[in-house]
Amino acid sequence: MTHAQNNTILLAEDDRSAREVTALVLEAEGYHVITASNGTSALSILLQDATIGLLVSDVHMPGGIDGIELAQRVQMNRQIRIMLISADPRSSFAYFPENVTFLSKPYDRRALLGAVDGLLRHTGT
């Protein structure tokens, strides 16, 4: 995946183990990964770093901004691809943002990389 080297991903995940493993999988494919442990930090990073092409965020996070609200706020400020992840089914959310991909937990390496690759290739980056 040579296109991976030109793509920066922001990974917002409050579970330290999940965040570390997911970042390692993405980095092993050549993606540049920035991590955040909550939605507030992720939003701050996204508003300051225009090089980020994809946000991958857990839906349920502490700190006042969950993944769904994070996606909404980001979409109001910039064009970016977004993937939300959760152990809860997508249908369980009263509201789910438009143009956002959903990945169900638990996911394996192949599912994660397939979803990320599909999103980034779709944008032509």
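Student: Within what distance do the axes of helix H2 (residues 39-48) and helix H3 (residues 67-77) come, and at what angle do they cross?

Tutor: Happy to take you through it; keep in mind that this is a predicted model. Two packed helices are described by the angle between their axes and the distance between the axes. Here the axes of H2 and H3 come within 10 Å, and they cross at roughly 15°. Angles under 35 degrees count as roughly parallel, so H2 and H3 are roughly parallel to each other. Their crossing is right-handed.

Now for the residues at this contact. On the H2 side, Gly-39, Ala-42, Leu-43, Leu-46 and Leu-47 take part, and they meet Leu-70, Arg-73, Val-74 and Asn-77 of H3. Setting aside neighbours within four places in sequence, Ile-65 is in contact with Gly-39, Thr-40, Leu-43, Leu-70 and Arg-73. Its relative accessibility is 7%, so Ile-65 counts as buried. From Ile-65 to Ile-52 there are 13 residues in sequence and 19 Å in space, C-alpha to C-alpha.

Next, the sheet. Its five strands form an open sheet in the order S2-S1-S3-S4-S5, with parallel pairing. S2 and strand S5 (101-104) stand at the edges with a single partner strand each, so one side of each has no neighbour in the sheet. On average, neighbouring strands are turned by 20° against each other, direction ignored. H2 packs on this sheet, where H2 touches S1, S2 and S3, and the direction of H2 makes about 135° with that of S2. H3 lies across S1, S3 and S4, and runs at about 175° to S4.

S1 is mostly covered, with five of its five residues buried. In a regular strand the side chains alternate between the two faces of the sheet. In S1, Thr-8, Leu-10 and Ala-12 are on one side, Ile-9 and Leu-11 are on the other, and all of these are buried. Five bridges join S1 to strand S2 (residues 32-36), and the two run parallel. Ile-9 stands opposite Val-33 in S2. To get from S1 to S2, the chain passes through helix H1 (residues 16-28), and this β-α-β crossover is right-handed. S1 is also joined by five bridges to strand S3 (residues 52-58), again running parallel, and Ser-57 in S3 is the bridge partner of Ala-12.

Further along the sheet, strand S4 (residues 81-86) pairs with S5 in the parallel sense over four bridges, and the bridge partner of Leu-84 in S5 is Phe-102.

Two backbone details around S5 are worth a look. Most residues other than glycine have a negative phi, and most peptide bonds are trans. Asn-99, in the loop between S4 and S5, has a positive phi near 60°. At 66% relative accessibility, Asn-99 counts as exposed. In the loop between S5 and helix H4 (109-122) you will find Pro-106, joined to Lys-105 by a cis peptide bond with omega about -10°.

Conventions. Residues are numbered from 1 along each chain as its sequence is written. This is a predicted model: local features need pLDDT of at least 70, side-chain atom pairs count only at pLDDT 80 or more; totals for chains, interfaces and linings use all residues. Side-chain values use heavy atoms; hydrogens and water are left out. Buried means under 20% relative accessible area, exposed over 50%, partly exposed in between (1.4 Å probe, protein chains only). Two strands pair if DSSP finds at least two bridges between them. A crossover is right-handed if, with the strands pointing away from the viewer, the path from the first strand over the helix to the second runs clockwise. Axes are lines fitted to C-alpha atoms, for helices over the stretch in contact, and angles run from 0 to 180 degrees between N-to-C directions. Angles under 35 degrees count as roughly parallel, over 145 as roughly antiparallel, 65 to 115 as roughly perpendicular and the rest as oblique. A crossing is left-handed if the near helix is turned anticlockwise from the far one by less than a right angle, and right-handed if clockwise. Contact means heavy atoms within 4.5 Å.
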